[in-house]
Amino acid sequence: MSTIPLYTRYQFRETMRIPMAALGTLAFPTLFMLLFVVSNRSVSGDAAAATEAAGQMSLFAVISAFVFNLGAGVAEDRAKAWHAYLRTLPVGPMAQLGGRLCNALCFALLSLVPVGLAAMLLTEAEASVVEVGTTLFALVLAGIPFAFLGLAVGYSMPLKAAIPTVQLILFPLAFAGGLFLPPSLFPGWLDAISNALPTRAARELVLGALTGGGPPLTALLIAVGWAVVLGALAVFTFRRDEGRRFR
């Protein structure tokens, strides 16, 4: 039997034992949804604008869950003597890493529930069952580069540095990627920068699935490029940490 489900259950229970950690993951994106979308009647009262904004906030929820859970969570694990002991067991590091990834995915999916309810009950956002399903799949795919980013942060620095680093990376990327404001409102220079960011590419993927129009080819290429770069960075930081601590 694979040990990954066991580690996933352990990580999930450990997170849930700290109510503020779980509440922050679930409530923070919803708070942004209420502030940036629901409170603005010109957005929440327009079906197209509300649907687009709901997609953007859903993406922010997924990205936040991945980056915070993996960035801060992995850094916290590395600081624990218990984690070092588990690493010495014959099962190896992949089970712990797999459990941490699955736990991040669980919280990413859970964070979508309150955002979706707010969009459904408090705005004019609309989408078919098929569009919701394809959007959910797109959200998971769009979150992959940010999972790699979280791992890179978690394996490269201690917890006290990882938390502010995650915040300094996440919020500028989210804003410049068009998750809080539509890129149509950006000045030309910011829009040019935005087009090269992983958050903008992820936004285009998610909104393409949500509206049924499909994402632009350039957004797909940029998303894949960032996934490769951040994946390579995550592997590098993981191997460097393994080499320093266990060899």
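This is a predicted model: local features need pLDDT of at least 70, side-chain atom pairs count only at pLDDT 80 or more; totals for chains, interfaces and linings use all residues.
Trainee: Which helix gives the largest share of the nonpolar patch?

Mentor: That is α6, which supplies five residues. Take L117 as an example: this residue lies in helix α6, and its relative accessible area of 41% makes L117 partly exposed.

Trainee: Now for helices. How far apart should the ends of helix α1 be, and what does the model show?

Mentor: Count 1.5 Å a residue: the 13 residues of helix α1, residues 4-16, should span 18 Å.

Trainee: Which residues of α1 are buried?

Mentor: Y7, T8, Q11, E14 and T15 are buried in α1. Viewed down the axis of α1, the buried residues fall within an arc of 135°, so they line one face of the helix.

Trainee: Why do residues three or four places apart point the same way in an α-helix?

Mentor: The general idea is that an α-helix has 3.6 residues a turn, so residues with that spacing point the same way.

Trainee: What do the buried residues of α1 pack against?

Mentor: Their partners are four helices: α2 (19-38), α4 (47-79), α5 (81-87) and α6 (93-122).

Trainee: Let's turn to charges. How many salt bridges does the structure hold?

Mentor: First the general idea: side chains of opposite charge can pair when their charged atoms come close. This structure holds six salt bridges. In one of them, the side chains of D241 and R78 meet at 3.0 Å, N to O. D241 belongs to helix α11 (residues 217-246) and R78 to helix α4, so this pair ties together parts that are 163 residues apart in sequence.

Trainee: Is D241 buried or exposed?

Mentor: D241 is buried, with a relative accessible area of 4%; the cut-off for buried is under 20%.

Trainee: Which residues are linked in a network of salt bridges?

Mentor: The network links E52, D191, R200, R203 and E204. Within the structure, R200 and D191 bring their side chains together in a salt bridge of 3.0 Å, N to O. R200 counts as buried at 9% relative accessibility, whereas D191 is partly exposed, with a relative accessible area of 24%. R203 and E204 also form a salt bridge, with their closest N and O atoms 3.1 Å apart. R203 counts as buried too, at 6% relative accessibility.

Note on methods. Residues are numbered from 1 along each chain as its sequence is written. Side-chain values use heavy atoms; hydrogens and water are left out. Helices (H or I, at least four residues) and strands (E, at least two) are DSSP runs, numbered from the N terminus. The expected span of a helix is 1.5 Å times one less than its number of residues. Buried means under 20% relative accessible area, exposed over 50%, partly exposed in between (1.4 Å probe, protein chains only). The arc is that of the directions from the helix axis to the C-beta atoms. Contact means heavy atoms within 4.5 Å. A salt bridge is a side-chain nitrogen of Lys or Arg within 4 Å of a carboxyl oxygen of Asp or Glu.
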